[in-house]
Every structure is written in structure tokens, then in C-alpha cells.
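User: Please take me through this model, beginning with the terms.

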Amino acid sequence: MKALSLLGSTGSIGTQTLDIAAQYPDQFRIVGLAAGRNVELLAQQVRQFRPLIVALSDADKLPELKAAIADLSPQPTLLAGQEGVIEVARCAEADVVVTGIVGCAGLLPTIAAIKAGKDIALANKETLIAGAPVVLPLVKQYGVKLLPADSEHSAIFQCLQGVPKSGLRRILLTASGGSFRDLPIEKLAQVTVADALKHPNWTMGRKITIDSATLMNKGLEVIEAHYLFGVEYDQIAIVIHPQSIIHSLIELEDTSVLAQLGWADMRLPLLYALSYPDRIATNWEPLDLVKIGSLTFREPDHEKYPCMQLAYAAGRAAGCMPAVLNAANEQAVALFLDEKIRFLDIPRLIEQTCDRYQSQNRPDPSLEDILAADDWARQNVLTASQALIAATH
């Protein structure tokens, strides 16, 4: 049995991880839970899974959580703020830490978990995108496993099992195309937040759903694949696959192509990350190729989706630039979700921010450099967005 500490327990990744833990109580037990501010759901999770330690990022909500579980015995250790989340990440009893926190907020807790010798089920892209120059040396130093728990990188990881290091030629990342894959480019200027949140295939959190609509999620995955699998950017391609059945592919030196297929269900990559190197038998619906009928593919439209090229450029620039790209994207998406900017303003703000940062990029950044770059990029987007907001009012 593996003991799990779960960061971001009330989000999409967190709730699906807990679904797995509930379905396989003989395989997994929950020893730590950390959430943002959803006290009602977190209290239900604490009652069901009885963790040893629980943290709320929003310290103001802690009294409410205490009251909600006051009758439980024994009581878990209750903590708050970022330090509380970090304590959950390095919980002594945990074997594996699932990083389901959205955004760069997951970086420091993940580093704490690595330093505590915990294997990482990585569902937080930003840990590597922003923090790879710091995180990867720590993974090596502490001898922990970094197991991808998102669908695309899990697919690549599964396909690579048994492939010699010299055998890989190319990675092919599949993309659903997001909410606007069939919308003409000239109509993007009018789309709303509600439109962008209607993903045709996946049920995900709000931020990642917007990233899918801009295809920034694929750009970020390109950077993550570069760091996870040690391949150059010229060896990573994106292909639109509307059915989301093939989750990614690898091309080998002899031109053989290996793919991992499955329904669009995040539980599958999560389960593999948690059970690796084993395979757990499930009663989930098997993939039915006849039911699917056909699988189709097309080139991504770089004019329609400029975020992909911004991500490639940031990845090649290396240093702090991926952190700047990521932070600018997070801030721009947050402004869009708050209906303060338009959909097409997202790539504009990101590009402007990356361009402004070029002269100060550091090739071999420390954690402090990365966090400073993250903060700078967010502030730059907020400042730049004021002009856009003023122009629309």
C-alpha cells in the first residue's frame, strides 16, 4: 500500500485522485490533504479519508474548517498558508506526493517534497516549466522519482518503457484543439469566458481549460517534455487530434511510432503515476475502437494559436524565460476569467512581457531568480493590461 499526500485536493486533479483512492483502498491511503479555500469540500474529504495532516492555503478559512470537523476523533493536524501546504508536502508518512495545485504556487511545496525524499506524481506543469533548472538537480540529488500524471506526458512515459535512450527520434504531442478548434479565426475577437470554458472532450479546471482554448497548454507541455525526457525542441511536434483518444506518440529512430490510447479520462494517467511500475486492474470502460470509428489529425494553425510559438521561443531562450512565460500566462488568463481583458489579449500580453524580459534573462537561475522573474512577469501583465482595459471602456 502506498501512502499519498495530495496537494490541491479540492481541484480537478485532487478529486479524481481521491476517486482512485476510494476505489482502491487496499492500494492507497491518504495521509495528507492540502487545498486552497473550499472548506466545505475539504471537510468532506477529511471525514472520508481521515488524513493525518491537513492544510488550507487561505488562512482566514481555517477556523471554519476547524468547526466543520470539530467532532472528529482523532483530529488531524490542521495548518494554514503556504507553510502549511509545504508541511503536507513533506509529511513523514507519505510515500508519494501528488502535485495537483494549479500554477506556480505548486513549485515550493514540490521542492519541499523532493527534499523530504518523496516520489512525485507530477500533475503541476509549472513545477518543471518554471522551476526545472532548480528542480531537476534536486530530483537527481535526492534520488526520487518524478512521474508524469497528466495525460500527454504519461502517454510518452508509457511509450518509452523498454525503449533504449538512443532509440527516440521525436515526440508527438496530441492536442484536442480546445474550445475553438472549429471556430474561424476572425470570430475569436468576440468569444466570451463562457465560450472558452466549453471544452469538447475533457472536464478540467477553469485555468487549464482556457490554456487549452489558446493552445498554451501544448506550448507549456512542449517545455515540460523537453525537461522530462531530455529531447531538443526541434524533436517535439504538436498535432491536432480532435477525438483525444491518442494521448501522445513517440517516433523511434527506425521510423516506428508508438502511441498510448484511452478514453479522455484523467484517472488513467493518475493511476499509472500512483501505481508505477505496476498496473492495477480496473473495472473502467475499456477502449472500443469500433465505437470510436475514426481518428483524425491536422496541423495546428500557428496564426490562430500564437501561444504555441511563444512557448517554443521561451523554451529555447531557457533560463528564467519559461518562468516569465508561465507567470505572464497565468496572470493574463486570470484577467480573462475575471472578464477584464479579451481572449485575444492573452497572447498579446504574454508576448509583450517576454519581449520586455529578454535583456534581463539569466542563463543559470537560482530559485530566488525564478521566483523574482515570476513576480516581475505578473506585475508587468497587470500594468500592461491597464491600457487594454482603459481602451475597452
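Analyst: A residue is called buried under 20% relative accessible area, exposed over 50% and partly exposed in between, with a 1.4 Å probe and protein chains only. Helices (H or I, at least four residues) and strands (E, at least two) are DSSP runs, numbered from the N terminus. The model is predicted, so local features need pLDDT of at least 70 and side-chain atom pairs count only at pLDDT 80 or more, while totals for chains, interfaces and linings use all residues. Residues are numbered from 1 along each chain as its sequence is written, and side-chain values use heavy atoms, leaving out hydrogens and water.

User: Why is helix α5 described as largely enclosed by the rest of the structure?

Analyst: Because 7 of the 9 residues of helix α5 (residues 107-115) are buried. The buried residues are L107, P109, T110, I111, A112, A113 and I114.

User: What covers the buried residues of α5?

Analyst: The cover includes the strands β1 (2-7), β5 (96-99) and β6 (119-122), together with the helices α4 (81-89), α6 (126-142) and α16 (367-391). Contact here means heavy atoms within 4.5 Å. Just after α5, G117 has a positive phi of about 80°.

User: What about α9, how many of its residues are buried?

Analyst: In α9 (206-214), 7 of the 9 residues are buried, so the helix is largely enclosed by the rest of the structure. K207, T209, I210, D211, S212, A213 and T214 are the buried residues. They pack against α6, α8 (193-196), α10, α13 (307-317), α14 and α15 (345-357). L215 follows α9 and has a positive phi, near 65°.

User: Which elements line the largest pocket?

Analyst: Two or more lining residues come from each of α1 (12-23), α7, β8, α9, α10 (216-229), β10 and α14 (321-337). The largest share, 5 residues, is from α9. A pocket is found on a 1 Å grid over the protein atoms alone, as an open set of points where a 1.4 Å probe fits, with protein on both sides within 12 Å along at least five of seven lines; lining residues have an atom within 4 Å of a point.

User: How much space lies in the largest pocket, and which residues are closest to its centre?

Analyst: The largest pocket holds about 710 Å³, a volume filled by probe spheres set on the grid points. Of its 36 lining residues, K125, M204, G205, K207 and I208 are the closest to the centre. The lining divides into 11 nonpolar, 15 polar and 10 charged residues. Asp, Glu, Lys and Arg count as charged, Ala, Val, Leu, Ile, Met, Phe, Trp, Tyr, Cys and Pro as nonpolar, and the others, Gly among them, as polar.

User: Last topic: is L65 buried or exposed, and what does it touch?

Analyst: L65, in helix α3 (residues 62-68), is buried, with a relative accessible area of 0%. Not counting residues up to four places away in sequence, L65 touches V39, L42, A43, V54, L56 and L78. The C-alpha atoms of L65 and L42 are separated by 8.0 Å, although the two residues are 23 residues apart along the chain.

User: Where is S385, and which residues is it in contact with?

Analyst: S385 lies in helix α16 and counts as buried at 0% relative accessibility. Leaving aside neighbours within four places in sequence, S385 is in contact with L335, I341 and L349.
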